[in-house]
Amino acid sequence: MKKVIFIAVLAFVCVGYAVAQPRAIGARLGWGVAFSYEHSLGGNMLSLDVDAPGFDGIGAAITYDWINPFGTAVPWNHRGEWNWYMGVGAGGGFRWGGVINKETLHRSYVGVVGRVGIEYNFWVPVQLSLDWRPTLGVGMDYGAKNAYFYRDGLYVGSISLGIRYKF
């Protein structure tokens with residue numbers, strides 16, 4: 001019986017800790033659109049984006065972002081709060097479109113994702129951000145049947161304006 005009570009209390013504490021963490025949900029608007037979710041991990045955050053880059057594919061990226069890294073904060077906080085962040089993670093996706101020799105190209109990619117940006121947290125539960133999220137990795141063209149260095153992620157869907165609701 002003591003083990004059951006201990007497990008129940010432990011589960012209650014873990015769920016309470018997870019629910020107490022600040023989160024944000026919204027969209028990133030750039031060359032395409034992305035569904036964005038952020039979860040606070042102490043002073044840093046975990047960010048998950050599911051995107052439609054250029055509206056010709058689907059992709060996902062997850063990054064671990066350090067907020068105000070190196071102990072440097074944005075010094076002008078009036079009613080809201082300014083933060084800058086940088087992070088690293090992984091991403092991948094699938095894009096369609098493009099024709100070579102009358103053959104439609106379908107491309108997939110997987111790679112390393114970087115992220116750097118600035119955000120403003122309003123005094124109401126709204127957050128605006130501007131960030132650059134490049135992706136570098138390996139791509140595969142299914143129509144041409146070859147692998148290549150995926151560098152489209154330097155500009156495809158990488159610079160975006162984020163609008164999120166904080167809860």
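## Strand pairing around E10

In this predicted model, Gly26 has Arg164 as its bridge partner in strand E10. The two strands concerned are E1, covering residues 23–30, and E10, covering residues 159–166; they run antiparallel and are joined by six bridges.

Strand E10 also pairs with strand E7, which spans residues 126–132. This pairing is antiparallel as well and extends over seven bridges. Here Gln127 is the residue that stands opposite Arg164 in E10.

## Salt bridges in the structure

Side chains of opposite charge can pair when their charged atoms come close. How many salt bridges are found in a search of the whole structure? The search finds ten. Three of them are described below, beginning with the salt bridge between Arg115 and Glu38.

The closest N and O atoms of Arg115 and Glu38 are 3.4 Å apart. Arg115 belongs to strand E6 (residues 103–121) and Glu38 to strand E2 (residues 32–41), so this pair ties together parts of the chain that lie 77 residues apart in sequence. Both Arg115 and Glu38 are buried.

## Arg133 and Asp51

A further salt bridge is formed by Arg133 with Asp51, with 3.3 Å between the closest N and O atoms. This pair links distant parts of the chain: Arg133 is in the loop between E7 and strand E8 (135–141), while Asp51 is in strand E3 (residues 44–53), and the two are 82 residues apart.

Are these two residues buried or exposed? The cut-off for a buried residue is a relative accessible area under 20%. Arg133 has a relative accessible area of 5% and is therefore buried. Asp51 also counts as buried, because its relative accessibility is 8%.

## Arg95 and Asp56

The side chains of Arg95 and Asp56 meet in a salt bridge as well, at 3.0 Å from N to O. This pair, too, links distant parts of the chain, 39 residues apart: Arg95 is in strand E5 (residues 81–100), and Asp56 is in the loop between E3 and strand E4 (57–67). Arg95 is buried, as is Asp56.

Technical notes:
Residues are numbered from 1 along each chain as its sequence is written. This is a predicted model: local features need pLDDT of at least 70, side-chain atom pairs count only at pLDDT 80 or more; totals for chains, interfaces and linings use all residues. Side-chain values use heavy atoms; hydrogens and water are left out. Two strands pair if DSSP finds at least two bridges between them. Helices (H or I, at least four residues) and strands (E, at least two) are DSSP runs, numbered from the N terminus. A salt bridge is a side-chain nitrogen of Lys or Arg within 4 Å of a carboxyl oxygen of Asp or Glu. Buried means under 20% relative accessible area, exposed over 50%, partly exposed in between (1.4 Å probe, protein chains only).
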